[in-house]
Amino acid sequence: MDIFYKDAFIVDVEKGESRKGSIAVKNGVIAEVGEILPEKGMKIVDCEGLYAAPGLINLHVHLFGTGRPAKALGGGKAQERLVKIVKSAPGKAVLRILMERAAETELKSGVTTVRTVGDFCGIDSELKKKTASGKGRARGLRMFVSGYALTVPGGHGAGTFALVGNSVRELEELTEQAVAEGADLIKICITGGVMDAKKRGEPGEVRMELPYVKAVCDRAHALGKRVAAHVQSKRGAEIAAFGGVDTIEHGAPLGAEAAAELAARGGAVVVTYSPALPNAKLGAEATKLNETAKFNSETVMKGMTECALQAPAYGIKVGLGTDASCPFCTQSGMWRELLYYSVCTGVSAAEALKTATLGNARILGIADETGSLEAGKRADMAVLFSDPLSDLTAYSRIKYISAGDRFIKDPRPSRMPEIEKLLDKMCAELLSAQRG
Ligand SMILES: [Zn+2]
């Protein structure tokens, strides 16, 4: 079906301005943009008074969860039980359904490309094949997948969403196996995370040392794949940079030498405020976090901001992702990540939008295919009720979505009202503080 999006304000994320015009889409590709007329036989979609903007790219997603805070992945017996169930045949069948719904929710919230960074049993890779062939609930969504993350014994995610290599040789084999099973990238966990830290100030304790990181990166690069690394401390960032990592996930303060190394490789940092900010701002009643975890969340968040502010000065790209599946990181919440990023770093709405679209596309190496509304690019677009160049909540109200050749009218992403309510209140407060 060829579609003519008529009379919209067309948002140019590169220039940070919008202009009145129409967009012609043929076979899922933008054929023409501007003051144009429809061709015979095109479906006309009236966009009068609406804003046509690029689909968002979520660079840090786990599809296995909903973002509802749960004890089951906080370690201990409950987690053991859950992981055992997930790996059974009926468990996998349930997970397949959950992950496809999660991908559908991402799409219906204006995200047209996701990159998974640690999911169970190769289901993300399976789902990618399905959606790419135009099938299922998430068809239209473009996916880059990692499969399981890789780490060392005691590393972040070990035994859950990460496989463990006990030696350099084992990690090399796991890397080869992941690529053979369809991974587009390799995700590793270098430092610990907020939830696994036992002490104040230790969210970023290094678990995976340099030789192990280097082994994975060398093998992945030899196979033509990039490496994304979970990092939440300065030492972790050094190991990532000198080990050969391409993207530092979450972020931490960068030393000058590490930054130069990452920049020379054309690397990037992908910040994820969506878990850190609610954990730091919402009360203990909502988060169920103890003082240590709250303190560590704040530490991680400050490190992230320092990293995001430093990176451009070193020529390092900054990308955005939600860490969906973590507590309070819902699959419908990418729009909030833009808001959090703007509030924490002081960048404008227009800059946050550019980062989440064209910027993220550049990090993925697909800026010639998506990330902005230009002729020849894939028709990845959200038509919004308000101007995303000035309104950080614009993607929370979507009229139409175009994802390649899929067209969705009045999308209703699956949302969890009780969590949305808490987050909406927090976002409103953040915005009014930003204005004030
Ligand atoms: Zn993650």
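This is a predicted model: local features need pLDDT of at least 70, side-chain atom pairs count only at pLDDT 80 or more; totals for chains, interfaces and linings use all residues.
1. What do they pack against?

2. Most residues other than glycine have a negative phi. His 250 has phi near 80°, and its place is in strand β13, which runs over residues 247-250. Is His 250 buried or exposed? With a relative accessible area of 3%, which is under the 20% cut-off, His 250 is buried.

3. Phe 328 is the other case, with phi near 75°. This one is found in a loop, between β15 and α11. Phe 328 counts as buried too, because its relative accessibility is 3%.

4. Which residues supply the protein donors of the zinc ion? They are His 60 and His 62, each through NE2, and Asp 323 through OD, lying 2.2 Å from the ion. The sequence spacing of the donor residues reads H-x1-H-x260-D. His 60 belongs to strand β6 (residues 56-61), while Asp 323 is in the loop between β15 (317-320) and α11 (334-345), so the pair links distant parts of the chain, 263 residues apart. His 60 and Asp 323 are both buried.

5. On to the packing. The largest nonpolar core has 114 residues, and the members touching the most others are Ile 186, Ile 188, Ile 190, Val 245, Ile 248, Tyr 340 and Tyr 341. Helix α12 (residues 349-364) gives the most to this core, contributing nine residues. Both domains take part: domain 1 (3-54 + 371-413) and domain 2 (56-364) each supply at least three residues to it.

6. Leaving aside residues up to four places away in sequence, Tyr 341 touches Val 271, Tyr 273, Ala 308, Val 318, Leu 320, Gly 346, Val 347, Ala 352 and Thr 355. There is also a second, separate core of 16 residues, including Ile 3, Tyr 5, Ile 10 and Met 381.

7. Now the whole chain. DSSP runs give 13 helices and 18 strands. Along the principal axes, the C-alpha trace spans about 65 × 50 × 45 Å. How does the radius of gyration compare with that of a compact globule? For 436 residues such a globule would be near 22 Å, and the protein chain has 21 Å, which agrees.

8. A few totals to finish. Buried residues account for 57% of the 436 in the protein chain. Among contacts between residues at least 6 apart in sequence, 69% join residues at least 24 apart. The accessible surface comes to about 17500 Å², and 52% of it belongs to carbon and sulfur atoms.

Definitions and conventions. Residues are numbered from 1 along each chain as its sequence is written. Side-chain values use heavy atoms; hydrogens and water are left out. A nonpolar core is a set of buried Ala, Val, Leu, Ile, Met, Phe, Trp, Tyr and Cys residues joined through side-chain atoms within 4.5 Å. Buried means under 20% relative accessible area, exposed over 50%, partly exposed in between (1.4 Å probe, protein chains only). Helices (H or I, at least four residues) and strands (E, at least two) are DSSP runs, numbered from the N terminus. Domain bounds come from an automatic or database domain assignment. Contact means heavy atoms within 4.5 Å. The radius of gyration is taken over C-alpha atoms; the globule rule is 2.2 Å times the number of residues to the power 0.38. Accessible areas come from the Shrake-Rupley method with a 1.4 Å probe; for residues, only the protein chains shown count as cover. Donors are N, O and S atoms within 2.8 Å of the metal (3.2 Å for Na, K and Ca); water is not among the atoms, so sites may look incomplete.
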